[in-house]
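The following note is intended to accompany your reading of the model. Please keep the structure in view while working through the points.

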Amino acid sequence: MDDQPALDDQSRAQLAELAEVIAPRWGDLPAASEIALSQAPLDRVLALRPDLLAPLKAVLDRVRGRPPEAAMEKLESTDAAGLHTLLTVVAGAYYAHPDVRAALHYSGQQAQSLPRDGFGAEELVIEMMQQPPIYRKVD
Amino acid sequence: MLFHGVGGSTVLFSAHWMRFLPSDFRVKTLDGVADDWPIDYAELAPFYDRIDGQFGVSGIAGDPAYPDRPEYPMPPLPIGDWGKRVAAAHAKMGWHWWPGSNAINSRDYGGRRQCVQRSTCRAGCNEGAKGSVDRTHWPESERHGVRLITDAQVSRITLDEKGRANGALYRDGPGPEKHIKADVVILAAHAIGTPRLLLLSAAKGHGNGLANRSGLVGRRLMMHPLSRTIGLFEEPMMSWQGHWGQSLYCLQFAETDVSRGFVRGAKWNLSPSGGPLMAALYPWPGERLWGAAMHEHVNAWLGRAAIWGVTAEDLPEVENRVDLDPELCDRYGDPAPRLHYTLSQNSRDMLAFMNQRVEESFRAAGAYRTLLRPLVAEAGWHALGTCRMGDDPETSVVDRWQRCHDIPNLLILDGSAFVTCSSVNPSATISALALRAADHLVNHRRDVAR
């Protein structure tokens, strides 16, 4: 078992700066810093998707030292795969957070009982049933 | 969709369960392109009926886009608020629509629970509601004595001195290759894996690969080119829930109308739209994906979007093919498959036409904005046709019972055998054909001499 943290402190700080650009405060939605995205939310994503750790480290290395806005623009113009990795991690951590979900009024994809009153367009289906066939006859 | 695991492609598939149209078996006769199948819809229909029961399909009979058929094993799943809007729009426009037929339980069925509308079908159904083969067929098969070897990778089909298949070489971990003997060998490794294995198995008398007298092993690859359009609505529809799965489908433009400038057609399927991450990561055309834009995208999409997917019938072309990569190898050193594929002008024209009609559909349904991906690059997961069926050994790889012309105790029971690919999802037809071939194999087992 590897007990080492997924990212070192330097990388977490870099990710925190980028996350603030990716997910700033917007209306009732908190900024990434307000949910400490680069801490437990990040670890949760990397626990669920350990395959993202190596490409995340790689993309952070590629833009290290750049201001966060400039880093994002660099990725956008030159590294679509790296940008996708970064957005997957940050947006994944952000939208899994309960404060964000609450602000969105989003309960997550939940198990539901199927309705017992039909599939929802019975009268329209009956109309369609009464239409002449539209498939090509082959004989 | 390729997936190496028990249940194969069905573990991750969306479970759209569609029969071919009768015209799909007569493309040459009707449209003067591609080829006819050696069988027809009527011959396959009884096997469609049986296979629907085995997989557990929900839907409703009476669709005017198809010949009559028996009722489905289960009623349709709910089409959702987004489906109701589109259905009403199509009714006004005089366009076809029909509640989705899905290999997803709408009732407890086959020892499996009903769907809970979590919308995670494509990650594997954790409710067991989806009809994937790891649940529909393998448990029963094992109870009947079938031995399943997992984590095994076949590298070669082997032949005896008479040139008949007698087994396969495989590895299931470190150590030397193992040989498993068989009187009958059945290949079902997907339209990429199956020709690869045949080409890898080149042997004396089969220098360009097994069963390849026609030279068509690996050729005529068809991919179901896909476009996708998101419709954004003002009204909340809770569209992060729902089966995925098709809420409904449209075959209005599935049959040839030469006035459109192309032959054959496309099938449309309407789906819900997932959670906020899907909205955030979607490639919004010409827009940034972070900052205020990300919030705006999620705000517009979440619970208020639906998706039309359009699968275009691809015509078979011999230069679209699978062969062996001269450099890239798998973990055991065997050549990887290499794909050569060019999208035809017919498919391009077809998608361009369909994308305009999809826009009209969503606008009529009340969408205030649409987001079009005219050709989804990461799609093409319906690989088909690389070992085509036919009566003539010089122009086909397998016969009408899916036995290799050159090696009659070697069968190919996957989408490789398709002559043409229709516009509809292939799983029902792959399965019905496999059932038909298996029935024939059992009924004629005395003819399969050792």
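1. Which side chain meets that of B:R288 in a salt bridge? The partner is A:E76, with a distance of 3.4 Å from N to O. This model is predicted, and the pair should be read accordingly. Across the interface of chain A and chain B, three salt bridges are found by the rule.

2. Polar contacts also link the chains: 13 residue pairs are counted between chain A and chain B, with both residues at pLDDT 80 or more. On the side of chain A that touches chain B, the elements giving two or more residues are α1 (9–22), α4 (68–78), α5 (80–95) and α7 (122–129). Of these, α5(A) supplies the largest share, eight residues. Sorted by class, this side of chain A has 28 nonpolar, eleven polar and six charged residues.

3. The contact as a whole involves 45 residues of chain A and 58 residues of chain B. About 4400 Å² is buried between the two chains, and carbon and sulfur atoms give 69% of that area. In chain A, the residues that lose the most area to chain B are A:L114, A:F119 and A:R136, which together account for 18% of what that side buries.

4. The largest nonpolar core contains 150 residues, and A:L56, B:W301 and B:L410 have the most contacts inside it. The element giving the most to this core is α5(A), with nine residues. Beyond its neighbours within four places in sequence, A:L56 is in contact with residues including A:L7, A:L15, A:T85 and A:V89. A second, separate core has six residues, among them B:A191, B:I192, B:M223 and B:A383.

How values were computed. Residues numbered from 1 in each chain as written. Chains lettered and ligands numbered in written order. Predicted model: local features only at pLDDT ≥ 70, side-chain atom pairs only at ≥ 80, totals over all residues. Heavy atoms only, no water. Contact = heavy atoms within 4.5 Å. Buried area = accessible area lost by both parts, 1.4 Å probe. Salt bridge = Lys/Arg side-chain N within 4 Å of Asp/Glu carboxyl O. Polar contact = N/O pair within 3.5 Å; in protein donor to acceptor, adjacent residues only side chain to side chain. Helix = DSSP H or I, 4+ residues; strand = E, 2+ residues; numbered from the N terminus. Nonpolar A, V, L, I, M, F, W, Y, C, P; charged D, E, K, R; others polar. Core = buried A, V, L, I, M, F, W, Y, C linked by side-chain atoms within 4.5 Å. Buried < 20%, exposed > 50% of the residue type's maximum accessible area, 1.4 Å probe, protein only.
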